[in-house]
Amino acid sequence: MDYSFPHYLLSKQSVDDRALNRTVMDSLKANLPAAPIRIIEVGAGIGTMFTRLLRWKLVAKANYILVDEMAENIETAREWIPLWAVEAGLSVERIEQDQLRVFDSVRDVRIRFERADVFDFIKKNSVPADLLIAHAFLDLLPMPESMPKLLALTKHLAWLTVNFDGVTSLEPTINTELDEQIERLYHATMDTRATGGDSRAGRHLFGHLQRAGAKILSAGASDWVVHSVNGKYPADEVYFLNFILHFFEESLTGHAELNAATFTNWIKERRAQIERGELVYIAHQMDFLAKV
């Protein structure tokens with residue numbers, strides 16, 4: 001299988017759609033200021049949250065800054081978002097290479113693509129947003145020191161979604177002791193990244209936000225739950241599941257505490273479970289809406 005990170009981001013759209021906490025989202029709707037609003041999304045990937053806001057009619061008129069440090073993500077976003085917009089019946093106007101206008105009779109959003117490290121972007125950003133979005137991103141950053149810097153990007157709201165919180169479940173069980181060992185070691189790799197990260201980021205965000213002076217308006221679970229229906233996974237979720245196993249391979253291959261052949265066979269059996277439509281994958285995560 002060809003492992004493309006932009007394809008992974010595309011494949012998890014349907015998973016995120018199910019996962020996002022509706023109570024937190026209702027609080028977002030209730031607290032958004034009058035349009036037009038300024039939105040900054042960090043770690044924005046290929047723009048799936050941007051399209052979701054339009055699909056779900058959460059935003060009608062806005063200026064949207066999409067920030068990601070991966071060139072491949074930004075290049076994909078530049079091409080994919082106009083294609084998505086046309087298919088959705090929206091008009092697209094390319095203002096320049098890194099700016100688009102997506103609009104119809106009701107919606108009018110200008111989007112700017114920024115390829116930048118999040119902390120470099122924070123240093124150069126001069127106008128805070130009405131809404132900061134960080135989706136499936138904060139559990140990759142060093143905390144708590146990153147939180148005040150991130151909150152400097154908004155003068156009002158921060159919608160912080162799909163923050164991993166320490167539970168990974170793969171069913172059916174292959175070997176209880178081995179499954180538990182692999183989960184433990186996998187989570188440990190999140191806690192020891194050189195760039196920062198936390199396998200229990202979700203629960204810890206309560207304290208990080210409060211210490212940074214933010215008021216939590218709403219919080220709730222946003223678990224990924226992936227299973228087949230009549231032996232078939234929805235949308236492109238076979239690719240999503242295989243990419244999750246790819247994360248395990250990247251993180252744990254060669255680990256001193258794992259027998260190499262045993263781990264290879266474990267991965268092989270998990271992939272066979274996907275092919276048979278048997279694998280159930282659950283990851284516990286948390287969503288937050290905070291007011292600065």
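Colleague: Let me start with Lys124: which residue does it form a salt bridge with, and how far apart are the closest N and O atoms?

Modeller: The general idea is that side chains of opposite charge can pair when their charged atoms come close. In this structure, which is a predicted model, the partner of Lys124 is Glu114, and their closest N and O atoms are 3.0 Å apart. The two sit in distant parts of the chain, Lys124 in helix H6 and Glu114 in strand E5 (residues 108-115), 10 residues apart. Glu114 counts as buried, at 12% relative accessibility.

Colleague: Where do Asp130 and Lys155 lie, the next pair I would like to look at?

Modeller: Asp130 belongs to strand E6 and Lys155 to strand E7, 25 residues apart. Their salt bridge has its closest N and O atoms 3.8 Å apart.

Colleague: How many salt bridges does the count come to?

Modeller: The count comes to 18.

Colleague: Now to pockets. How much space lies in the largest pocket, and which residues lie nearest its centre?

Modeller: The largest pocket holds about 1,200 Å³ of space. Its lining has 45 residues, with Phe5, Ala136, Asp139, Leu140 and Arg193 nearest the centre. Elements giving two or more residues to this lining include helix H1 (5-11), strand E2 (61-68) and strand E10 (280-291). H10 gives the most, with six residues. By class, the lining has 24 nonpolar, 11 polar and 10 charged residues.

Colleague: What about the second largest pocket: how much space lies there?

Modeller: About 160 Å³. Among the residues that line this second largest pocket are Asp179 and Arg270, along with Phe248 and Trp266. E7, H8 and helix H11 (260-275) each give two or more residues to the lining. Its residues divide into three nonpolar, four polar and five charged.

Colleague: Last topic, the backbone. Which peptide bonds are cis here?

Modeller: As background, most residues other than glycine have a negative phi, and most peptide bonds are trans. Cis bonds here include the one from Met143 to Pro144, with omega near 10 degrees, and the one from Glu171 to Pro172, with omega near 0 degrees. Pro144 is in the loop between strand E6 (129-135) and helix H7 (146-151). Pro172 falls in the loop between strand E7 (154-171) and helix H8 (176-191).

Colleague: And what is the phi of Ala136 and of Asn230?

Modeller: Ala136 has a positive phi of about 50 degrees although it is not a glycine. Ala136 lies in the loop between E6 and H7 and is partly exposed, with a relative accessible area of 24%. For Asn230, phi is near 55 degrees, again a positive value in a residue other than glycine. Asn230 is in the loop between strand E9 (224-226) and helix H10 (237-252), and Asn230 is exposed, at 78%.

Key:
Residues numbered from 1 in each chain as written. Predicted model: local features only at pLDDT ≥ 70, side-chain atom pairs only at ≥ 80, totals over all residues. Heavy atoms only, no water. Helix = DSSP H or I, 4+ residues; strand = E, 2+ residues; numbered from the N terminus. Buried < 20%, exposed > 50% of the residue type's maximum accessible area, 1.4 Å probe, protein only. 1 Å grid on protein atoms, 1.4 Å probe; cavity = no way out; pocket = protein on both sides within 12 Å on 5 of 7 lines; lining within 4 Å. Points joined across faces, edges and corners; volume = space filled by probe spheres on them. Nonpolar A, V, L, I, M, F, W, Y, C, P; charged D, E, K, R; others polar. Salt bridge = Lys/Arg side-chain N within 4 Å of Asp/Glu carboxyl O.
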